[in-house]
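My notes follow, as a few numbered points.

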Amino acid sequence: MHGSHNHHSHSHAGHSHAGHSHAPADFGRAFAIGTALNLAFVLVEGLAGIVTGSMALLADAGHNLSDVLGLLIAWGGASLAKLPASRRFTYGLSSSTILAALANAVLLLFAVGAIALEAVQRFRDPPPVEGLTVMIVAGIGILINGATALMFMRGRENDINIRGAYLHMMADAGVSAGVVLGGGLILLTNASWIDPAISLVIVAAILWSTWGLLRDSVTMALHAVPAGIDPERVEEALATLPGVTRVHDLHIWPMSTTQVALTAHLLIPDGHPGDAFLDDAQHKLAHDFGIGHATLQIEVGDGDPCRLHNGHGHDNHSHDGHSHG
């Protein structure tokens, strides 16, 4: 479990696990409120579309429904990440947040495609303006989606799963704003091309944001070093620890959208430095780099080559016959 120090000894090599990562903010209440608000809006917008005969409102209600799905996916990932580790899932299900962010990025791409297709079709055959009813309902949509997005705003920088939920809400607020703006301009100018043109501008903005989410979530799923952590600086920090003459087989990867893990082999010819050394190393990694789960293996260099030097693991330096202690 994270949050405790467990020092192990395997083949006389010291291993240590630490959980210094800051607990991710709990957005459970934001997910619940956002889902309830958006479901209610979908029902109201759908009924308004049926009563007024507005295809634009019915289409927007369908799009809003996809955003409810996006919220549920992000919420599900965040909830699964809280489950404790088991013998089979030894890290727990924390990686669910990465999968949720990836799923939301793909869902956003589908939504963007649907909006773009509808906009192109409206260029060819512009529908009549639905009037003030559409603008009023879309205005309510801006308020609801904007308010929901604000609830996720503080978490969007540090957690791409939360960023996925935030982008869904901001995208929907943007679409609703486009409906209001387009409707108003068309009423003033009678130029029917304005509505689909605004839709395509919104599509471009959503696509730009979604691409970043997709890139980051795929990178995390491939266990790349998280953005914001310089592996060379981490290696340098480990290499300057007392008694360490070399660092190799260094791996840094995301356990979830908020937690980072590390493993490394440290060559210390003078022998195992003890638990205090491991505690200090763990604290340094957590404090300086936000790496909350560190596993460090000590090698004392007695002449046997490290088994991971023969192509089974990534080495950060050339090796001179290092060994397991």
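**Notes on the aromatic pairs and the confidence**

1. W253 counts as buried, at 14% relative accessibility (buried is under 20% relative accessible area, exposed over 50%, partly exposed in between, with a 1.4 Å probe and protein chains only). Y91, at a relative accessible area of 35%, is partly exposed.

2. Please keep in mind that this is a predicted model, where local features need pLDDT of at least 70, side-chain atom pairs count only at pLDDT 80 or more, and totals for chains, interfaces and linings use all residues. Residues are numbered from 1 along each chain as its sequence is written, and side-chain values use heavy atoms, leaving out hydrogens and water.

3. The whole structure holds four aromatic pairs (Phe, Tyr and Trp rings, for Trp the six-membered one, with centres within 6.5 Å; planes under 30 degrees apart are stacked, over 60 edge-to-face, the rest tilted). The ring centres of Y91 and W253 lie 6.4 Å apart with planes at 65°, so this pair is edge-to-face. Y91 is in the loop between α2 (55-80) and α3 (96-124), and W253, 162 residues apart from it, is in strand β3 (residues 246-254); helices (H or I, at least four residues) and strands (E, at least two) are DSSP runs numbered from the N terminus.

4. F27, F31, W75 and F152 form a cluster linked by ring pairs.

5. Mean pLDDT (the predictor's confidence in each residue, from 0 to 100) is 80 for the protein, and 82% of its residues reach 70 or more. Confidence is lowest in strand β1 (residues 6-10), at a mean of 34, and highest in helix α7 (residues 231-239), at 95.
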